[in-house]
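Subject: Structure handover

Hello,

Here is the structure we talked about. Please open it and keep it beside this email while you read.

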Amino acid sequence: RCESLVEVYFQLQQQVMAASTELGPELLPRLLERLNEVLSSLVKSSFLVEKQPPQVLKTQTKFQASVRFLLGPQLLKAAPKPYMVRADMVTEKQARELELSNYSNTLSESTGEILHNMVALETNPTSGTCCANFKNVLLKKIKRCERKGSESVTEEKCAVLFSTNVTLTPSNISIHLQVLSLPIVVIVHGNQDNNAKATVLWDNAFSDIERVPFVVAERVPWEKMCDTLNLKFMAEVQTTKGLLKEHYFFLAQKIFNDHSASPEDFQNRHVSWAQFNKEILPGRGFTFWQWFDGVLDLTKRCLKSYWSDRLIMGFISKQYVCKLLSVEPDGTFLLRFSDSEIGGVTIAYVMQGKDGTSQVENIQPFSAKDLSIRSLGDRIRDLVQLRNLYPNTPKDQAFGSHYNSEWGGLG
C-alpha cells in the first residue's frame, strides 16, 4: 500500500537525519534529495482519475469526472484549506510532451475552454478518501489542431489534464500533481457521434498499456477485431449471446470485400483502420463500422430478446440466404440484417413462383422506427406467407412469446 511506503520514507528520513554527523556535509544533502525524489515519484503516481470523462464529448454538454489522491488523507491532514484541482483540455501533442517529460512540465495553454473547471480536493472522513468531484463541467469550445493527411475531426484525440499543487506535511515539500484522462474525441454535432465512437473503440481495443499518447496500431489481426466486435456487441445489446463463427465469416467477407476466401484464410489476415471506418463499402454509401454500429443500435433498441433467443441469424449474406432457403419448403423464412441500409432487419422467405419453382423473396427492411410502431413478433404474425423459421420451427412456436396479447393481424 502507498501509505506503508510513505511511512517507510519518513522512517528512512529520520534515520538519515539521525546519522547526519557520520554521513558528512556532502553525502547528507544528496541522500535527502534522493529521498525527496522517491517521495515525489510515489506521491505523483497516487494521483488518479477515478471517474473518466465521456470518451466522446460534445461541446456545450455537461459532463462529470473525478480524481482521487490516494495519499491525500495521510499527507494533507494539516492543510489549512483544501487544494484546488484544475481540469484543462490538451491536444495529443501536448499529452505526448507531458508524458515524455514524465509530467515534470506544466501545461502552457489549454486547447479548449472548460467552464466550472476548478474543484476542491476534499477528504471524506467517513470513507477515508481524498477526491475532487467535477459534477457540473462543460466544454464550451475546442481549439482544433492541425491534422495529419486525410485525418478527420472525429479521428483527432485529446484528453483532460487534471492538475494541482500540494504541499506535503510534515516535510513541507511542494509537488505538482498531474494526471491525464483516457483519450477523448470532441464533437460539435450529434451526427459525428458514430465516427467518434469508432476512433474510441479502436484506441481502447488496440492500444498498448504503456505507450506514448495516443499511439495505436494502424493494422490489427482479424481475430483481435472479432473479439472486439463480439465484446462490443454483447456490452451494447446487454446480452450473453455473442457472435458465432459463421457471423465472423460474413463480417470478414464484408470488411475485406472478399467472397472467395475460406474462414481459415481470414484467420491470418490483418485489418486496417481504413477498412474499419474510412473506406466506403463497395456499392454503398457507408463504412463497415457505420453499418455495424447501425446493427448494434437496432438490436439494442428493438431486437434484444429475439437475438438472445437466437431467432435472428442476422449476420449472413443475401446470396447465402438464397442458397439455404432455395431447397426448403414454401413459407420457410429467416431474419438477417440489411446489407443495403444502416440499421435494418429484413425477412427472407421461400415462396412458389408462377412457374411452380421456389424463389426466395426479401421483405423491405424494418428500421427501429418501424419496429417501435409495431414489433417484429407481431409483424411476423401478420405475414401469413411466413410459416416456419429456418430450418423447421413453426413460427408460432418460435415467436409466440414475442407476440403482443392484442390481435391486430391481417388475417
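Below are the notes on what was found, from the overall picture down to single residues.

First, the ground rules. This is a predicted model, so local features need pLDDT of at least 70 and side-chain atom pairs count only at pLDDT 80 or more, while totals for chains, interfaces and linings use all residues. Residues are numbered from 1 along each chain as its sequence is written, and side-chain values use heavy atoms, with hydrogens and water left out.

**Overall picture**

The protein has 14 helices and 17 strands. Both are DSSP runs, numbered from the N terminus: helices are H or I with at least four residues, strands are E with at least two. Of its 411 residues, 46% count as buried. Buried means under 20% relative accessible area, exposed means over 50%, and partly exposed is in between (1.4 Å probe, protein chains only). Next, contacts, meaning heavy atoms within 4.5 Å. Among contacts with a separation of 6 or more, 62% join residues 24 or more positions apart.

**The cores**

In soluble globular proteins, nonpolar side chains tend to be buried together. A nonpolar core here is a set of buried Ala, Val, Leu, Ile, Met, Phe, Trp, Tyr and Cys residues joined through side-chain atoms within 4.5 Å. The largest one has 56 residues, and Trp222, Phe276 and Phe315 touch the most other members. Helix α10 gives the most to this core, with 10 residues. Another core, of 37 residues, lies apart from it; Leu42, Leu121, Val160 and Ile175 are among its members.

Look at Phe315 in your viewer. Leaving out residues up to four places away in sequence, Phe315 touches several residues, including Phe233, Leu243, Trp291, Phe292, Val295, Trp307 and Phe337. Glu246 and His247 are also among the residues that Phe315 touches.

**Helix α10**

How far apart are the end C-alpha atoms of α10? They are only 23 Å apart, although the helix has 21 residues (288-308). A straight helix would reach 30 Å at 1.5 Å a residue. That expected span is 1.5 Å times one less than the number of residues. Now find Cys302. A kink of about 85° in α10 is centred there. The bend at a residue is the angle between axes fitted to the seven residues ending there and the seven starting there. Just after α10, Arg310 takes a positive phi of about 60°.

Phe288 also lies in α10. Phe288 counts as buried because its relative accessible area is 0%. Beyond its neighbours within four places in sequence, Phe288 is in contact with Leu229, Leu251, Lys254, Ile255, Gln275, Phe276, Glu279 and Leu281. Phe288 and Asn277 are 11 residues apart in sequence, with their C-alpha atoms 6.1 Å apart.

**Helix α5 and Thr199**

Helix α5 has 14 residues and reaches 20 Å from its first C-alpha to its last, close to the 20 Å expected. Its buried residues include Ala196, Thr199, Val200 and Trp202.

Thr199 sits in α5, which covers residues 193-206. Thr199 counts as buried because its relative accessibility is 6%. Its side chain reaches the backbone oxygen of Thr154 at 2.5 Å. Thr154 is in the loop between β7 (129-142) and β8 (158-168). At 7% relative accessibility, Thr154 counts as buried. The side chain of Thr154 makes a polar contact with the side chain of Ser152 (3.0 Å). A polar contact is a pair of N or O atoms within 3.5 Å; within protein, one must be able to donate a hydrogen and the other to accept it, and residues adjacent in sequence count only if both atoms are side-chain atoms.

**Asp88**

Asp88 lies in strand β4 (residues 83-91). Its relative accessible area is 6%, so Asp88 is buried. The side chain of Asp88 makes a polar contact with the side chain of Arg86 (2.8 Å). Asp88 and Ala159 are 71 residues apart along the chain, yet their C-alpha atoms are separated by 8.3 Å.

**Cysteines**

How many disulfides does a search of the whole structure find? It finds 0. A disulfide is a pair of cysteine sulfur atoms within 2.5 Å. Take Cys131: the closest cysteine sulfur, in Cys130, is 6.8 Å from its own, so the two are too far apart for a bond. Cys131 is buried at 11% relative accessibility, whereas Cys322 is partly exposed at 32%.

Best wishes
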